[in-house]
Amino acid sequence: MKDRDIRWSVVRGGAVALAAWWLWMPLVALLTWLVKHFAFGGFGQQDQSYVLLLEREFFPHGSVLDAAPLFWFWLAVGLCGTVVAVGYVASESGAGFGGWRVRLTMAAVVLALVGSLVRAGTGLWDDDKDEGRFYAAATVLDIPAGGAGTPRSVLPVTEHTRAGDGDRCDLVGTADVPACVKTAPMPDFDFEARTASYAAATKALTDSAGLTSGIHLLGHSLHYLPDASKGGGVWTAVLDGSGEQPMEGVAVWDGRSNAVATCAFRGDHAFGRAFDGTGAVSLRNLLAERFPDLVYSDQDIWGYCDGADPRTARPVVVISVARQTGWKQRTVLAPAGVLVLRGSADGRPAVTYRAEVAPGDLPGAVYPASVVRSQIHEVQWLGGRGAKDDRGFGYAHTSAATNAVNPGEFLLRSKADGHLYYVTPLVPRDSSSQLVVAFAVLQADRAGGGLNDLHVYVRGDDSPAVNLDVLASRMVTYMAQQTSITISAGQGGALQEIVPFGRDMWRGFVDFNGQTQDYIDLSGDATVTPNLVSLGGSITPPGGQPAPAPTPTGPAPTGPPATAPPTAPAGGCGGDPGQMTTGQLAACVADLSRALQGRVQEPAPAHS
């Protein structure tokens, strides 16, 4: 064989080996997508999850532009193989490394290899910081003016700032992560207090909802809906199906009468799918096929009954969705509106996508709680990497035992402006302290146009100390003094949850056998007389009537005799208690408690 033929044979072999080296991974990826897309047709989650995975790990922007670090590592591995292949061909073909073509090729490949490794390294180094940068752009640190000066918990940011625009930000950080500081105390939102704990709502809705086999409570769909018109709220949850059993409807519990009602998909409002359904009944697959770029967490699913009477109302399921968005060399989750699901005459889900939702359009949260949690977590980056790593800057959810199951993102309605907010008490990050040093507040009833601003209202160092474990101890002690009953606090105890409301006011829920029987209101600074309210009633299934409250068997209470209520029109709180239902009595007791609490907190009139 001639030398020329040998050289061409070596070159062809090297080219084939090099092509196999470069193409095997993309071909495997393409084959995997083809199998998922065609062989598993109708299983939309398979297709969606795979495409989103490729975007997240390789192409955040859909192309090699600002590709992810993993892509640059793959490119570097491919270039390493190219260096070996070029060296092999040059050696075996007899060309050697003295020719300018071989030298130029080797130099270009080596430079590309070095560039790929540098791009991969910088991408990995900035990957977590880039996520912090994205969410930090919509974060405002609100600190009080005067008092003992700048709170110590925020010093790692405020020590390195310059003047801001004086409107949104009084100060801006000088680190390479955007930081906005506003000198303003937390407004008096005067949030509506809840009437039952998350744990009690879970127990009530799980045990008393669902009339069909194969139906279960979609656990993370448990959602609190504040109701401004009634001065209270209700807990709702989606009654989901499984296997080939479609969704049943939405369960509702008011937390007062302890009666559970259900609005069901039926008649011309049927619904033939379920989140946990299989095959043709799978709602998740249907949503993934119709909206492949939208994602959601189970905690962002909730439902409500569209009508005054749940027994005749039509159930509506709402999903606060997010979109995986390319940002720098990675992806982030950004809120993307809501999906509204209703039934139809033929049972096919009527799904409407709304990219923008205004306050009042829907009765619950339209901004994803999962995104809120990410925004709170990324506050740690506002002082830069040094403040985060070396000084432990940032805030975290409390680890108090009473709030272990439900530590934050409480959905509350403000009496001041009527809007819904996610409210989360925060403690110092990377610390054993359980002092509440800040509150994270974000408007929850508006979505569209990007991230909603997260306001972190930092408490002054001279503010009254608030510790949820201490609050729990005070609540337990007060109840023992008033009732001679000793209760336990924490997960599995009677005192299950402590939720903020009003100005420095907190409400703790006392649950027995999974039902909220009492709640205690007290102030964080111990300046307001605690308020203990007992709720009566028992859990009843949908369509049933609540049983009357049991007659106390203990000794008669001491103190002045109760004054008979004045006569009032039927149905009002001044009517004959004997003619009222248990739910009406509980509602009146709660209204009276709120009115009394408001008077207690009002300042004494000035004397002239």
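## Around Val456

Take Val456 as a way in: skipping the neighbours within four places in sequence, Val456 is in contact with Thr139, Val140, Leu141, Asp142, Val379, Tyr395, Leu426, Ala438, Phe439 and Ala440. Keep in mind that this is a predicted model.

Where does Val456 belong? Val456 is a member of the largest nonpolar core, which has 41 residues. Along with Leu141, Val379, Leu382, Phe393, Tyr395 and Tyr422, Val456 is among those that touch the most other members.

## What builds the cores

Which element gives the largest share? That would be α8, with 4 residues.

## The Cys169–Cys180 link

On to the cysteines. How many disulfides does the model have? The count comes to 2. In one of them, Cys169 pairs with Cys180, and their sulfur atoms sit 1.9 Å apart. Cys169 is in the loop between β2 (161–163) and β3 (171–173), while Cys180 is in strand β4 (residues 180–183). That puts the two cysteines 11 residues apart, and the pair links distant parts of the chain.

As for handedness, the Cys169 and Cys180 link is left-handed, with -115° about the S-S bond. Buried or exposed? Both Cys169 and Cys180 are buried.

## The Cys263–Cys305 link

Cys263 is joined to Cys305 by a disulfide too, with an S to S distance of 2.0 Å. Here the partners are 42 residues apart, and again the pair links distant parts of the chain. Cys263 lies in strand β10 (residues 260–264) and Cys305 in strand β13 (residues 301–306).

Why is this disulfide called left-handed? Because the torsion about the S-S bond of Cys263 and Cys305 is about -85°.

Burial is worth a look as well. Cys263 counts as buried because its relative accessibility is 0%. Cys305 has a relative accessible area of 14%, so Cys305 is buried as well, given that the cut-off for buried is under 20%.

## And Cys80

How does Cys80 sit: buried, partly exposed or exposed? With a relative accessible area of 40%, Cys80 is partly exposed, because that class runs between the 20% and 50% limits.

Definitions and conventions: Residues numbered from 1 in each chain as written. Predicted model: local features only at pLDDT ≥ 70, side-chain atom pairs only at ≥ 80, totals over all residues. Heavy atoms only, no water. Disulfide = S-S within 2.5 Å. Buried < 20%, exposed > 50% of the residue type's maximum accessible area, 1.4 Å probe, protein only. Core = buried A, V, L, I, M, F, W, Y, C linked by side-chain atoms within 4.5 Å. Contact = heavy atoms within 4.5 Å.
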